[in-house]
Amino acid sequence: MCQNTFGCGNPSETVRCWCNELPPIFNLDNITDCLCPKCLKQATIKKIDDYVSTIIPENSRNNIAKDLPKTTHLVEDIDYYLENGNYVFSKWFHLKRGSCCGNKCRHCPYN
């Protein structure tokens, strides 16, 4: 942990914490302390990368990412990255979708 001071972003039942902007992949029972936004994003990326590295076309349709709650926004460095001003969707993004779109995407886990 970086030891940076930060406040919880969950001030009321109607205002959601900034941590809700990231994929809900952590079991909160095992987390004893909050992480700052930067450290939580890095921990999330590591956990996703570790999971994605286990996915091959044969097990891609049974992945856990497709069953996570759907979000209406994309997170840079998790769902996509920018390359020469273009959005490139990650393997994680495609796993969340749950199926191949047929566009021969660079990081498609289904082919």
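Residues are numbered from 1 along each chain as its sequence is written, and side-chain values use heavy atoms, with hydrogens and water left out. Because the model is predicted, local features need pLDDT of at least 70 and side-chain atom pairs count only at pLDDT 80 or more, whereas totals for chains, interfaces and linings use all residues.

The average pLDDT (the predictor's confidence in each residue, from 0 to 100) is 84 for the protein, and 82% of the residues score at least 70. Confidence is lowest in helix 1, with a mean of 89, and highest in strand 1, at 97. Two helices and two strands are present; these are DSSP runs numbered from the N terminus, with H or I over at least four residues for helices and E over at least two for strands. In sequence order the pattern is α-β-β-α. Of the 111 residues, 28% count as buried, where buried means under 20% relative accessible area, exposed over 50% and partly exposed in between (1.4 Å probe, protein chains only). With contact taken as heavy atoms within 4.5 Å, residues 24 or more positions apart account for 47% of the contacts with a separation of 6 or more.

A nonpolar core is a set of buried Ala, Val, Leu, Ile, Met, Phe, Trp, Tyr and Cys residues joined through side-chain atoms within 4.5 Å. The largest such core has 15 residues, and those with the most contacts inside it are Leu22, Ile25, Ile48, Val52, Ile78, Trp92 and Leu95. Helix 1 (37-52) and helix 2 (91-97) each supply at least two residues of this core, and the largest share, four residues, comes from helix 1. Valine 52 is in contact with Lys91, Trp92 and Leu95, leaving aside neighbours within four places in sequence.

Leu40, Thr44, Ile45, Ile48 and Val52 are the buried residues of helix 1. Seen down the helix axis, they fall within an arc of 135 degrees, so they line one face of the helix; the arc is that of the directions from the helix axis to the C-beta atoms. These buried residues pack against helix 2, while Lys38 and Lys46 are exposed on the other side of helix 1.

Strand 1 (residues 80-83) and strand 2 (residues 86-89) pair in the antiparallel sense over four bridges, pairing being assigned if DSSP finds at least two bridges between two strands. Glutamate 83 stands opposite asparagine 86 in strand 2. The hairpin has two residues between the strands, and asparagine 84 takes a positive phi near 55 degrees there.

Aspartate 79 lies in the loop between helix 1 and strand 1 and has a relative accessible area of 1%. Not counting residues up to four places away in sequence, aspartate 79 touches His73, Leu74, Val88, Phe89, Ser90, Trp92, Phe93 and Lys96. Cysteine 108, in the segment after helix 2, is buried with a relative accessible area of 15%. The C-alpha atoms of cysteine 108 and proline 57 are separated by 8.9 Å, although the two residues are 51 residues apart along the chain.
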